[in-house]
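These are my notebook entries on a single structure. I record what I looked up, item by item.

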Amino acid sequence: NLARTFDDMADRTSGLIERQQELLRAVSHELRTPLARLFFMVDDAQNTSNTQEKNRHLVRIDNSLNDLNDLVEELLTFVRLDGQVDSPTREAVDVARLLSDVGEVVADLYPKLQVKIPKDMENKAEIDAVSRLLRRAALNLATNAAKHAREKIVLGIEIAGGALCIHIDDDGPGIPVEAREKIFEPFVRLDKSRNAESGGLGLGLALVQRIAAAHEGRVEVVDSPLGGARFTLIFPCA
């Protein structure tokens, strides 16, 4: 038993070191692009005497700085969940209300998109969770679906087999079967449409997976009844 315990500890330590090295390489790559853009923008701003043109460059610089700030915030949350730096208190979370709030946010961000929440959604669905983290996971999945949907996304809840499932469906191009595990790795983007400008920072789905694991749950992706992708957060019922 002692030998097995030491072996398990060695495996976990080795895995942690390997993940840290991979994350460090990925972070270095991700930071290099916005920093390079900032240097070019600063040069452009310094080399123009036109006030309107200079202001345009300053706006671009501000946007790039916001992108860098978002990346750092995502990284901090990602690392904290892996190392369990903090242990926030859980509470009973009304999942139906949380999804309604998420749906409203996405509808505001994508006014041309239909964001549907079925009226027969489980009204008494609750799980013990850190509310802000669960909301972050659902919002990451919903905004990801919205980016790739053609016309609509649907948010729903299902309770089956002692588990609570949060479904987020879209009518977009879907996720190839061979890529469904890889997309949850940090900084992975499937194609040119999922770049830093249109597809986020590449940490959203990795963060969702880590939040799910922190709540003894998991996240899965399958084909959606709408024809696109269905992402499902699965948690043990309260």
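Entry 1. I located Gly 103 in helix α3; helices (H or I, at least four residues) and strands (E, at least two) are DSSP runs numbered from the N terminus. The model is predicted, so I note that local features need pLDDT of at least 70 and side-chain atom pairs pLDDT 80 or more, whereas totals for chains, interfaces and linings use all residues. Residues are numbered from 1 along each chain as its sequence is written, and side-chain values use heavy atoms, with hydrogens and water left out.

Entry 2. I looked up the surroundings of Gly 103. Its relative accessible area is 6%, so Gly 103 is buried (under 20%; exposed is over 50%, partly exposed in between; 1.4 Å probe, protein chains only). Leaving aside residues up to four places away in sequence, Gly 103 touches Val 115, Ile 117 and Leu 155 (contact: heavy atoms within 4.5 Å). I also noted 8.8 Å between the C-alpha atoms of Gly 103 and Val 154, which lie 51 residues apart along the chain.

Entry 3. I turned to the partner helix of α3. In α3, Leu 98, Leu 99, Val 102, Val 105, Val 106 and Leu 109 meet residues of α4 that include Leu 134, Arg 135, Ala 138 and Leu 139. By class, this contact of α3 with α4 has 11 nonpolar, 2 polar and 1 charged residues (nonpolar: Ala, Val, Leu, Ile, Met, Phe, Trp, Tyr, Cys and Pro; charged: Asp, Glu, Lys and Arg; polar: the others, Gly among them).

Entry 4. Finally, I checked Glu 216, which sits in the loop between α5 (204–214) and β6 (218–223). Glu 216 is not a glycine, yet it has a positive phi of about 60°. Its relative accessibility is 53%, so Glu 216 counts as exposed.
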